[in-house]
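Hello,

Here is the structure I promised to pass on to you. Please open it alongside this email, and I will walk you through what turned up.

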Amino acid sequence: MSDLSELYQEVILDHNRRPRNFRVIDPATRAQEGYNPLCGDRLTLYVTVADGRITDVAFQGSGCAISKASASLMTEAVKGRTVDEARALFDQFHHMITSPPGSPLPELGKLSVLSGVREFPTRVKCAGLAWHTLKAAVAETPSTPVSTE
Amino acid sequence: MTPSTAFEVGALRAQFPILGTSVHGKPLVYLDNAATTQKPRVVIDALVDYYATSNANVHRGVHYLSGRASDQFDQARATIARFLGAASPSEIIFTRNATESINLVAQAWGRATVSAGDEIVISAIEHHSNIVPWQLLCEATGATLRVIPMSDAGELDLDAARRLMGPRTRMLAVTALSNALGTVTPLADLVAMARSVGACVLVDGSQAAYHMPIDVQALDCDFFVMTGHKVYGPTGIGVLYGRAALLEVMPPWQGGGDMIASVTFERSTWNVLPYKFEAGTPDISAAIVLGVAVGFLTGVGLDRVQAHESALLAYGTEALQQVPGLRLIGTAAHKASILSFVIDGIHPHDIGTIVDLSGVAIRTGHHCAQPVMDRLGIPGTARASLAMYNTREDIDALVAALHHARKVLL
């Protein structure tokens, strides 16, 4: 069932209207650019890492409701986690939004509100942008801006 | 349908099978015509008919089918020559699409003509396909790309254009109709400016060719490009019109079969026009069917299509502005077929998804015109684009879907 309420759940709309951790961290351990050229979504993710743990994370940018809400929810989900935990969460989240409709979903708490994206293949990149940007931000070596194209 | 009868859009719609289908359980409202148009039954049937009755390679065999396919292929070229007002079918070269046509000119004409210090002039409202081939040429030759600026409304600045063109200008390459904004460019003025400095002119007719009558000789352009799938024809086929005198002196672009007169290991010589620029087996079926599509469009009558779409554009412009927070992007005085817009607080991509679930197909994003979006300071737009079969009901469905999108997201 690909209906609107499944994609634009109330939690998503709320995070779109009032994104959490929508600010600049200066100085940050890493500031990473992410860009989806297909729709022009663009964000900068700021991450502060201490002893292998993400002590602060925030973002700035513009994008569709899905990409903005996903970034907002992600910052809440990974703040305080270790980098390894964040990477594992990336894998689970990526699986959730790309698995075939109808297949079992991983238990991801609040992030599960984005599972409806898998019914909308054209919107998977919107939900994934912030996460791909995070993955690059916590990588060993800095990378060029992340593109989901 | 004779020219004297009213424009009967209902009868016309009945000729397009896909317009009778549903998406997401809703009747399809197709408003993404600037990306590609839907195909009438006569075009779909011609494609099947070719493979069922005429399939053979062209200009090669002595057998019956090869002759039949070759005749149809040649007829298609003649039909397209008439459609564009070319002096001769030999000025019509088949390519894969308008992009390939522009690349052909940028490479074959450009490399033989352009050198360091020369200038190529394009405009701020070009599609990427009329920007990047010229950038490649400039990189290869040391020429400079100059860009005619646009106003906030999307109109080209003719005074600036006049200042940009000078003795080093070798080419003016400009669209006839902006795909992102709907601006109809003042071609007569621009061509006159280019002529006054001795520059060549290429007109990108990708969007214009299915909205307004074209006469390349009246336009006085040297090259005119179009793509098949936007004139109700198949994908995979495009057209380059080139003035014969220029095509004659241009070197070949790609080498291979068909484009040669003779081949030895020491030296090859080139075939006559248009074959010099058509290496290898072409998309024969698509070329033949493009001839059918152009015949269909001519039968409906481009002047009548233009009148219908113009009235619909006015209706749509009015109707969209009733949507709270909606701002039209592209408000040139002379526009055609394109309704690009943004809505306060809603990203174009979300608009696209929500109206799609109401059965309404529009395009969202930068429309392969990123410089236009950068100039206007927006990430992209939502774009409804019209064709001959669209109706006021289609516009009404879009407007209703936009109200719904606002309800969901705001």
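**Salt bridges and interfaces**

Over all chains, the structure holds 23 salt bridges. Please keep in mind as you read that this is a predicted model.

**Where chain A meets chain B**

Let me start with the two chains. On one side of their interface are 21 residues of chain A, in contact with 15 residues of chain B. Together the two chains bury about 1400 Å², and 57% of that area is on carbon and sulfur atoms. On the chain A side, A:Leu4, A:Tyr8 and A:Cys39 lose the most area to chain B, together accounting for 34% of what that side buries.

How many salt bridges does the rule find across the interface of chain A and chain B? There is one. It pairs A:Arg123 with B:Asp350, whose closest N and O atoms are 2.8 Å apart. The interface of chain A and chain B also has seven residue pairs in polar contact. Three helices of chain A, namely α1 (4–7), α2 (10–17) and α3 (65–78), each supply at least two residues of the side that touches chain B. Sorted by class, that side of chain A has 13 nonpolar, four polar and four charged residues.

**The two domains of chain B**

Chain B is itself divided in two: domain 1 covers 9–39 + 301–409, and domain 2 covers 45–299. Their C-alpha centres lie 28 Å apart. In this interface, 42 residues of domain 1 of chain B are in contact with 35 residues of domain 2 of chain B. The two domains bury about 3000 Å² between them, with 57% of it on carbon and sulfur atoms.

Between domain 1 and domain 2 of chain B, the count is one salt bridge. B:Arg375 and B:Asp152 meet in a salt bridge through their side chains, at 2.9 Å from N to O. On the side of domain 1 of chain B that touches domain 2, α11 (302–320), β14 (338–343) and α13 (370–376) of chain B each supply at least two residues. Of the elements there, α13(B) gives the most, with six residues. The residues on that side of domain 1 divide into 21 nonpolar, 15 polar and six charged.

**A closer look at B:Met212**

Is B:Met212 buried or exposed? It counts as buried, because its relative accessibility is 13% and the cut-off for buried is under 20%. Leaving aside neighbours within four places in sequence, B:Met212 is in contact with B:Leu177, B:Val184, B:Leu302, B:Gln306 and B:Ala336. The C-alpha atom of B:Met212 is also separated by 9.4 Å from that of B:Gly301, although the two residues are 89 residues apart along the chain.

**Salt bridges within the chains**

In chain B, the side chains of B:Arg195 and B:Asp220 meet in a salt bridge, at 3.0 Å from N to O. B:Arg195 lies in helix α7 (residues 187–196) and B:Asp220 in the loop between α8 and β9 (223–227), so this pair ties together parts that are 25 residues apart in sequence. B:Arg195 counts as partly exposed at 27% relative accessibility, and B:Asp220 is partly exposed at 30%.

Another pair in chain B is B:Arg243 and B:Asp222, whose side chains meet in a salt bridge at 2.9 Å from N to O. B:Arg243 is in the loop between β10 (238–242) and α9 (244–249), while B:Asp222 is in the loop between α8 and β9, so the pair ties together parts that are 21 residues apart in sequence. Here B:Arg243 is partly exposed, with a relative accessible area of 27%, whereas B:Asp222 counts as buried at 4%.

Over in chain A, A:Arg17 forms a salt bridge with A:Glu10, with the closest N and O atoms 3.6 Å apart. A:Arg17 counts as partly exposed at 41% relative accessibility, and A:Glu10 counts as exposed at 54%. Chain A also has a network of salt bridges that links A:Asp14, A:Arg18, A:Arg20, A:Glu76 and A:Lys110.

How values were computed: Residues numbered from 1 in each chain as written. Chains lettered and ligands numbered in written order. Predicted model: local features only at pLDDT ≥ 70, side-chain atom pairs only at ≥ 80, totals over all residues. Heavy atoms only, no water. Domains from an automatic or database assignment. Contact = heavy atoms within 4.5 Å. Buried area = accessible area lost by both parts, 1.4 Å probe. Salt bridge = Lys/Arg side-chain N within 4 Å of Asp/Glu carboxyl O. Helix = DSSP H or I, 4+ residues; strand = E, 2+ residues; numbered from the N terminus. Nonpolar A, V, L, I, M, F, W, Y, C, P; charged D, E, K, R; others polar. Polar contact = N/O pair within 3.5 Å; in protein donor to acceptor, adjacent residues only side chain to side chain. Buried < 20%, exposed > 50% of the residue type's maximum accessible area, 1.4 Å probe, protein only.
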